[in-house]
Amino acid sequence: MYSIKSSDIFSKDASQLLGELNEALFKITGSSGADSFCMTSGTEVRSVFLIGYLDGEPIACGALREASAQIAEIKRVYARKNSIGAAHKIVLALEKQAQRNGFNTVILETRAVNTKAVSFYLSCNYILCPNYGKYIGRADAVCFTKNLK
C-alpha cells in the first residue's frame, strides 16, 4: 500500500532519501544540489517535507517552501528506481499542499543536463519559465512554473 506523510527533514527516512538524491544528482550534474536546499526547510509555517511510503518503506520525497506570498517552490523531489509513479504522486501532493497553504503558483529548478528530470516536469504539465532568483543568468539551470488555479 502506498501512502504519503509529512515528515521532519531530520528524520531517519528523510536523511536516507536525501542522501540518495544527493548521490544521484552528483553523478548526473557533478553537484549534489544540497547547497540549494536549506536543511531548516520544512519547519517554516507554509513549508512541508513529504515522504512517500510503499508498504512502510520510504521510496520518494519532496519539499515545498515559500518563495513569495503567492508562489511556492518545489525542491528535492526524488524517487527510488523501480518506484513507478512515486515521484508523480509526491509532486501532486506538494501541489495540493501548496493550494491548501494559499499559494496559486509553483516554481522549481533543475539542471539542464538532468534530461530525465526535465522530461518528468514537462510530463507533469509544468512549463518552462525565465530563470528566477539565484538561477538568473545560469545556462545550466532550467526553471519551470505551474499555475495551480
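Here are a few exercises on the predicted model above, each with a worked solution. Residues are numbered from 1 along each chain as its sequence is written, and side-chain values use heavy atoms, with hydrogens and water left out. Because the model is predicted, local features need pLDDT of at least 70 and side-chain atom pairs count only at pLDDT 80 or more, while totals for chains, interfaces and linings use all residues.

**Exercise 1: the overall fold**

Work out how many helices and strands the chain has, and in which pattern they follow each other.

Solution. Start with the elements, which are DSSP runs numbered from the N terminus: helices are H or I with at least four residues, strands are E with at least two. That gives three helices and seven strands. Next, read along the sequence, and you get β-α-β-β-β-α-β-α-β-β.

**Exercise 2: chain dimensions and packing**

Find out whether the radius of gyration of the chain agrees or disagrees with that of a compact globule.

Solution. First, the rule: 2.2 Å times the number of residues to the power 0.38, with the radius taken over C-alpha atoms. For 149 residues a compact globule would come out near 15 Å, and the chain has 14 Å, so the two agree. Then look at the extents: the C-alpha trace spans about 40 × 35 × 30 Å along its principal axes. Now for burial, where buried means under 20% relative accessible area, exposed over 50% and partly exposed in between (1.4 Å probe, protein chains only). By that cut-off, 46% of the 149 residues are buried. Finally, take contacts, meaning heavy atoms within 4.5 Å. Of those with a separation of 6 or more, 64% link residues 24 or more positions apart.

**Exercise 3: strand E3 and its partners**

Identify the strands that E3 is joined to, and say how they run.

Solution. Strands pair here if DSSP finds at least two bridges between them. On one count, seven bridges join E2 (residues 48-54) to E3, and the two run antiparallel. Within this pair, Ile51 stands opposite Cys61. On the other count, six bridges join E3 to E4 (residues 71-79), again antiparallel, with Ala60 opposite Ala79. Both connections are hairpins: two residues lie between E2 and E3, and four residues join E3 to E4. As for burial, eight of the 10 residues of E3 (residues 57-66) are buried, so the strand is largely enclosed by the rest of the structure.
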